[in-house]
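The following note sets out numbered points for a colleague who has the model at hand. Each point may be checked against the coordinates.

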Amino acid sequence: MIEQIRTSKHPAVAIARDIAWAVAVVAGIALVLFLVSGTWPAVVAIESGSMIPNMNIGDLVFVSASDRFGAFQTWEDGQVSGYMKYNDYGDVVIYRPNGADSVNPIIHRAIMWVEANQTVMLPLQNGYTAEYTAPHAGYITMGDNNPAPDQLSVYREVGGQIEPVKKEWVVGKALFAIPFVGYLPLHILEVAIVLIVLMLVYDFLVGRRKEE
């Protein structure tokens, strides 16, 4: 049965075979990435310019659990330890805003950790500061190219202001990025259509060559 499916020249079987092969390859890669990174998603694509110039639209970012490959450090921690990532102090965190699973994760730098009801002065891009009282414990985050921390912003996807990032909302931290490759998942439907068309053309050409 398996051999018949593998060698069948019927168009429908050929399409199903190619799709199954593509799914198996993608699933295998996803499993390896999960085992190495310890989190999911293990890769994310940069969709906005909030991290320019240190991360750019179309970058594919590889993610790991926050406790893998070294302790997680905020911008404040990095200033003490000297730890830098993407040309600035501290780690870049990938998190789900307000814990929402229905929106894409945000990838911004972790600035500091705050406790519940703690009042702190948050840094602004213009050199000023803004007073902020945390409703609960969590990370203060900010895009390198943004004028203010996320927690001073209203995010319509979650229906209000972004709260300090609880540890359970953290997907992971950014390990490294590959420029331009992130455009593939950003346009996954178009890429899938092109790949399927190419596979069909290949099967057609191979079939004709065998007939000749």
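This is a predicted model: local features need pLDDT of at least 70, side-chain atom pairs count only at pLDDT 80 or more; totals for chains, interfaces and linings use all residues.

1. Asn-87 counts as exposed, at 63% relative accessibility; here exposed means over 50% relative accessible area, buried under 20%, and partly exposed in between, with a 1.4 Å probe and protein chains only. Asn-87 is found in the loop between β3 (84–85) and β4 (88–89). Although not a glycine, Asn-87 has a positive phi of about 65°. Strands here are DSSP runs (E, at least two residues) and helices are runs of H or I with at least four residues, both numbered from the N terminus.

2. Residues are numbered from 1 along each chain as its sequence is written, and side-chain values use heavy atoms, with hydrogens and water left out.

3. Asn-98, in the loop between β5 (92–95) and β6 (106–114), has a positive phi near 55° and is a residue other than glycine. Asn-98 is partly exposed, with a relative accessible area of 22%. The peptide bond from Ile-52 to Pro-53 is cis, with omega near 5°; Pro-53 is found in the loop between β1 (43–45) and β2 (60–64). For context, most residues other than glycine have a negative phi, and most peptide bonds are trans.

4. On the overall composition, the protein chain has five helices and 12 strands. Of its 212 residues, 33% count as buried. The chain exposes about 12,700 Å², of which carbon and sulfur atoms supply 62%; these areas come from the Shrake-Rupley method with a 1.4 Å probe, and for residues only the protein chains shown count as cover. Among contacts (heavy atoms within 4.5 Å) with a separation of 6 or more, 58% are between residues 24 or more positions apart.

5. How many aromatic pairs does a search of the whole structure find? The search finds three. Rings of Phe, Tyr and Trp (its six-membered ring) pair if their centres lie within 6.5 Å; planes under 30 degrees apart count as stacked, over 60 as edge-to-face and the rest as tilted. Phe-62 and Phe-176 are stacked, because their ring centres are 4.6 Å apart and their planes at 15°. Phe-62 lies in strand β2 and Phe-176 in strand β12 (residues 170–178), so this pair ties together parts that are 114 residues apart in sequence. Phe-62 is buried, with a relative accessible area of 19%, whereas Phe-176 is partly exposed, at 42%.

6. The rings of Phe-72 and Tyr-139 have their centres 5.2 Å apart and their planes at 65°, so this pair is edge-to-face. Phe-72 is in the loop between β2 and α3 (75–81) and Tyr-139 in strand β9, 67 residues apart. Both residues are buried. Ring pairs link Phe-72, Trp-113 and Tyr-139 into a cluster. Lys-167 lies over the face of Trp-113, at 5.2 Å from the ring centre; the criterion is NZ of Lys or CZ of Arg within 6 Å of the ring centre and within 35 degrees of the ring normal.

7. Thr-74 also lies in the loop between β2 and α3 and is buried, with a relative accessible area of 3%. Leaving aside neighbours within four places in sequence, Thr-74 is in contact with residues including Trp-113 and Tyr-139. The C-alpha atoms of Thr-74 and Arg-109, 35 residues apart along the chain, are separated by 7.6 Å.

8. Gln-151 is placed in the loop between β9 (138–142) and β10 (154–155) and is buried, with a relative accessible area of 0%. A polar atom of the Gln-151 side chain lies 2.9 Å from the backbone nitrogen of Thr-141. The side chain of Gln-151 also reaches the backbone oxygen of Glu-163 at 3.2 Å. Leaving aside neighbours within four places in sequence, the contacts of Gln-151 include Tyr-132 and Tyr-139.

9. Finally, strands β7 (residues 119–123) and β8 run antiparallel and are joined by five bridges; strands pair if DSSP finds at least two bridges between them. β7 and β8 form a hairpin with five residues between them, and Gly-127 in the turn has a positive phi of about 95°. Met-121 stands opposite Glu-131 in β8. Strand β8 (residues 129–133) has Ala-130 and Tyr-132 on a covered face, and Thr-129, Glu-131 and Thr-133 on an uncovered one.

Conventions: A polar contact is a pair of N or O atoms within 3.5 Å; within protein, one must be able to donate a hydrogen and the other to accept it, and residues adjacent in sequence count only if both atoms are side-chain atoms.
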